Amino acid sequence: ELAEKKPNILMFGAVGDADDANAAINTAAINAAFAYCYAFGFELHGARGTFKVAESAVSSGHALLNKGVSFKGITRNRMVIAPAASVGSAVSIMRIKPDAGVDISFLSLHDFLIYPGHSGTKYGKYGIEFDLTAAGVSLAFLDMRGVYVAPGNDWSVYSNNDITGNPVGNPRLSRIEFCDFWEG
């Protein structure tokens, strides 16, 4: 039934209420949405709201894990991802990490804001981390438009690739338009 629809994070239980004192933590819901879309080859759509995330219980070092799913929010100030106070300075807010041997021909990230300082204090390490170190990973084309990323305690956007074992891991072609990467 879900495969017939355009998947969005709300279908997996995400709640954009981070401005509420009893805000939901959306890590599991958004990660489930990314995993589902990765398994079926869909792009994932965001929703209006501010979505609080914490460090993933499945794997340390990130809140959201995207294995190569195109993600389209609403607009930068209507779709906000904000880390919870528990997110430490070594945790990336969104890690894009394809499985070994995966060739991502095209990855699109559009119209959302990652705001580690939403609560007034910066949480997390990188806003978006591209981890392209697995053997045989290739990201041929990266299309980023309308993405606004503030850093946590380090870079806004960071790309890591071991060129000795993976010479074409980083995007060979990119279109980055109407984006804003604050402070790094």
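## Burial and overall form

Of the chain's 184 residues, 47% count as buried, that is, under 20% relative accessible area with a 1.4 Å probe and protein chains only. The model is predicted: local features need pLDDT of at least 70 and side-chain atom pairs pLDDT 80 or more, whereas totals for chains, interfaces and linings use all residues. Residues are numbered from 1 along each chain as its sequence is written, and side-chain values use heavy atoms, without hydrogens and water.

The C-alpha trace spans about 45 × 40 × 35 Å along its principal axes.

## Secondary structure

One helix and 14 strands make up the count for the chain; these are DSSP runs (helices H or I, at least four residues; strands E, at least two) numbered from the N terminus.

## Largest pocket

The largest pocket holds about 270 Å³ of space. A pocket is an open set of points on a 1 Å grid over the protein atoms alone, where a 1.4 Å probe fits, with protein on both sides within 12 Å along at least five of seven lines; lining residues have an atom within 4 Å of a point. Its volume is the space filled by probe spheres set on the points, which are joined across faces, edges and corners.

Fifteen residues line this pocket, and Asn 31, Ala 32, Ala 35, Val 58 and Leu 65 are the closest to its centre. Helix H1 (27-40) and strand E3 (62-66) each supply at least two lining residues, with H1 giving the largest share, seven.

Definitions and conventions:
Buried means under 20% relative accessible area, exposed over 50%, partly exposed in between (1.4 Å probe, protein chains only).
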